[in-house]
Amino acid sequence: MKEKIEYLLRAGNYTATSLARLLDIQPSGLSHILSGRNKPSFDLVVKILRAFPHLNPDWLMLDSDTLYRDDVALSV
């Protein structure tokens, strides 16, 4: 998932600090993930999906080739 977060940084032209602020996490926590020291928590995955609702969760977590969700409304 480190590579996916790096992709989000590049695609959104974010710095690690600005992405950490957007996700409401400590910059040091994101730095630890990007360096490979820590693995992302489930909480972080949820925060990413909430901050980027157009992302396909399967791309983020399961390496699907489809980056974005379909334009189909999801019912809960």
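User: Is Phe52 buried or exposed?
Analyst: This is a predicted model, in which local features need pLDDT of at least 70, side-chain atom pairs count only at pLDDT 80 or more, and totals for chains, interfaces and linings use all residues. Residues are numbered from 1 along each chain as its sequence is written, and side-chain values use heavy atoms, with hydrogens and water left out. Buried means under 20% relative accessible area, exposed over 50%, and partly exposed in between (1.4 Å probe, protein chains only). Phe52 has a relative accessible area of 8%, so Phe52 is buried.

User: Which ring arrangement do Tyr14 and Phe52 form?
Analyst: Rings of Phe, Tyr and Trp (its six-membered ring) pair if their centres lie within 6.5 Å; planes under 30 degrees apart count as stacked, over 60 as edge-to-face and the rest as tilted. The centres of Tyr14 and Phe52 are 6.1 Å apart. Their planes stand at 80°, so the pair is edge-to-face.

User: How many residues does the largest nonpolar core have?
Analyst: A nonpolar core is a set of buried Ala, Val, Leu, Ile, Met, Phe, Trp, Tyr and Cys residues joined through side-chain atoms within 4.5 Å. Ile5, Leu19, Ile48, Phe52 and Leu55 have the most contacts inside the largest one. Its total is 18 residues.

User: Which helix gives the most to this core?
Analyst: Helices H1 (2-11), H2 (16-23), H3 (27-34), H4 (42-51) and H5 (57-62) each supply at least two of its residues. With four residues, the one that gives the most is H4.

User: Which residues is Ile48 in contact with, leaving aside its neighbours within four places in sequence?
Analyst: Contact means heavy atoms within 4.5 Å. By that test, Ile48 touches Ile5, Leu8, Leu23, Leu55 and Leu60.

User: Why is the pair of Tyr7 and Trp59 edge-to-face?
Analyst: Trp59 is buried at 9% relative accessibility, whereas Tyr7 is partly exposed at 30%. Their ring centres are 5.7 Å apart. The pair is edge-to-face because the planes stand at 70°.

User: Which residue lies over the face of Trp59?
Analyst: A charge sits over a ring if NZ of Lys or CZ of Arg is within 6 Å of the ring centre and within 35 degrees of the ring normal. Here the distance from the ring centre is 4.7 Å. The residue is Lys4.
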